[in-house]
Amino acid sequence: MSKNYAKETICVQSGWQPKNGEPRVLPIYQSTTFKYETSEQMGRLFDLEESGYFYTRLQNPTNDYVAQKICELEGGVAAMLTSSGQAANYYAVFNVAEAGDHVIMSSTVYGGTFNLLTVTMKKMGIECSVVDPDLPLETLKTYVKPNTKCVLGETIANPALVVLDIEKFATLAHDAGVPLIIDNTFATPINCNPIAFGADIVTHSTTKYMDGHAMCVGGCIVDSGNFDWMAHKEKFPGLTTPDESYHGIVYAEKFGRAAYLTKATVQLMRDLGSIQAPQNAFLLNVGLETLPLRMERHCYNAQKVAEFLEQNENVAWVNYPGLKSNKYYELGQKYLPKGSCGVISFGLKGGREGASKMMDYLELAAIVTHVADARTCVLHPASHTHRQMNDQQLLEAGVAPELIRLSVGIENVEDIIADLSQAIEKASK
Ligand SMILES: *Cc1c(COP(=O)(O)O)cnc(C)c1O
C-alpha cells in the first residue's frame, strides 16, 4: 500500500486492491495457466523481459497478493509463498549455497530445519556447522569458512523458546560477507521484524500463527533487498554471473534489490516446484486479517498460563521468555517488546513419565503435532517431533526429555488454566 499504514491496517487492507466491478474479497485464481494476445508477449515473459503470469508453478496472482501483504508486514522488497515452511527454508538456503558450500546454523532451530540442513542438504554436498546461539560473537566467528554462504537462525526457537540475539548474528553474517536468514515463524511480523535488526532474508512457516486455524501447510520467503550481492561477487556466482537457463541474465544486475527473490522464483520454483496452492493462499489471507488480534490474545493468555505454571508445586520448571525469571527475558524485551508468542515449554516434577500421564488427563488441550493455532494443544517433543534426535542432539537443541510443549490458544484463559490444573494434579498423585 502506498501509505505508511500500521500493521493492523496492512493485515486487513493490503494485497488485493479491487477496481470497479471486481470482487471485494481476494479471488482464488483457480487456473494453472494464463492467456496472452500475442506469441511475442508470451515469449517476453519466458525471457523475463516482462513481468506477468503464464503458469502457476512459477507465479499465481492469488499467491502474489498474499505474499505482498506479508512482504509489507516484514518491511521487505519482495516475497513469495511456498508450499510449506520446510520448502521456504530449503529454498532460502539453496538459493545461495550449493555443493561444496558451507552454512552456519543455530543449534536451537526447529527439528525439521535441523534435519533439512544436517541430513538432507548434507547429502546435496552442503556442509552445516551447528552453533550454540548464546556463544559470544568472537567464538561464533571461528566457525566462518571461506566457503560459508549464509547464517541461519530463528527469532524464537521452536520449541526451545530461545530468543536469538539477531543483531549479533547479523554482525556474524555481515562480517563474513554473507546474508543472515531468519525464520520468524513463532514471533510473526506482528511481534518482531528481523529485517529491522539486520536480517537479510526472512522465512515463515505460515502453517502456524499466520494461518492461525490449523487449516493449511504453507511457507513464505521475504527478501529485505538489503544484501549487496555485487559487493561479494565471487561468493555468489548464482546471483552475479549469467544464468544460461535465461539467456545469460545476471540477477543482481537485472533485478537489483529483488535479485534474490527473483532467482528463487524463476529458478528454484521453476525447477523444484513447491508452489502453494492458491486455495491455501486464500485461506492464509483470511488468517492474516486477524493476526494482530490473535497474537495479542495468544501472548496475553500464555503470560497468564506461564505465571500459573511457575507457581504450581508439581511443576519443576517453566520456560517462557515473558517470565522475569527467564534466561531470555532481556533479549525478549529488546526484540519482542509486544510479547513473544503463545508457546510455553515446561517440565513436571514427575519427569518424562509424568509428562505423558498429564497429557492423557487433559480435556480441553488436545494432543497434536501442530502448534501455534487458535486451539490450545500440547506435544511431547522427545516422543513426537524430535524423536529422530539422540539425547545429545536433544540437549543441544535445548529440548529436555521431560519437556512438554504447550501451545496456548485464544480460548478463555481461565478455562485453559483450569484444564491444566486438574491434569497436573491427577498426574502428580
Ligand atoms: C513448523 C515450522 C517449520 C516447518 O514448517 P512447515 O510448514 O511445517 O513445513 C519451520 N520453522 C519453524 C520455526 C516452524 O515452527
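Is A214 buried, exposed or partly exposed? At 42% relative accessibility, A214 counts as partly exposed, where buried means under 20% relative accessible area, exposed means over 50%, and partly exposed is in between, with a 1.4 Å probe and protein chains only.

Before I continue, a word on the source. This is a predicted model, in which local features need pLDDT of at least 70 and side-chain atom pairs count only at pLDDT 80 or more, while totals for chains, interfaces and linings use all residues. Residues are numbered from 1 along each chain as its sequence is written, and side-chain values use heavy atoms, with hydrogens and water left out.

I begin with backbone geometry. A214 is found in the loop between strand 6 (201–205) and strand 7 (219–223); helices (H or I, at least four residues) and strands (E, at least two) are DSSP runs, numbered from the N terminus. The phi of A214 is positive, near 60 degrees, in a residue other than glycine. Most residues other than glycine have a negative phi, and most peptide bonds are trans. T188 also has a positive phi, of about 60 degrees, and is not a glycine. T188 belongs to helix 8 (residues 188–191) and, at 1% relative accessibility, counts as buried. The peptide bond from N158 to P159 is cis, with omega near 0 degrees, and P159 sits in the loop between strand 4 and helix 7 (166–175).

N158 leads us to the ligand. Of the 15 residues around the ligand, N158, D183, S205, T207 and K208 come nearest; a residue is near a molecule or strand if one of its heavy atoms lies within 4 Å of it. An oxygen atom of the ligand is 2.6 Å from an N or O atom in the side chain of T207. For the side chain of S205, the corresponding distance from a ligand oxygen to an N or O atom is 2.8 Å. A polar backbone atom of Q86 is 2.9 Å from an oxygen atom of the ligand. The protein covers 92% of the 380 Å² of accessible area that the ligand has on its own, with areas from the Shrake-Rupley method with a 1.4 Å probe and, for residues, only the protein chains shown counting as cover.

Helix 5 (residues 111–123) has 13 residues and reaches 17 Å from its first C-alpha to its last, close to the 18 Å expected at 1.5 Å a residue; the expected span is 1.5 Å times one less than the number of residues. A kink of about 30 degrees is centred on L117, the bend at a residue being the angle between axes fitted to the seven residues ending there and the seven starting there. After helix 5 comes G125, whose phi is positive, near 90 degrees.

Helix 17 (residues 413–427) has 15 residues that should span 21 Å at 1.5 Å a residue, and its end C-alpha atoms are 21 Å apart, which agrees. N412 caps its N-terminal end, with a side-chain oxygen 2.8 Å from the backbone nitrogen of E414. Among the buried residues of helix 17 are V413, I416, D419 and Q422. Their packing partners include helix 13 (291–311), strand 8 (315–319) and strand 12.

Strand 12 (residues 404–407) contains S407. At 0% relative accessibility, S407 counts as buried. Leaving aside neighbours within four places in sequence, S407 is in contact with residues including G342, V343, D373 and C377.

Helix 13 contains P292, which counts as buried at 10% relative accessibility. Beyond neighbours within four places in sequence, P292 is in contact with K7, E8, C11 and I190.

Finally, what does N95 touch? N95 lies in the loop between helix 4 and strand 2 and is buried, with a relative accessible area of 3%. Not counting residues up to four places away in sequence, N95 touches L239, Y260, K263, A264 and L268.

How values were computed. Contact = heavy atoms within 4.5 Å. Polar contact = N/O pair within 3.5 Å; in protein donor to acceptor, adjacent residues only side chain to side chain.
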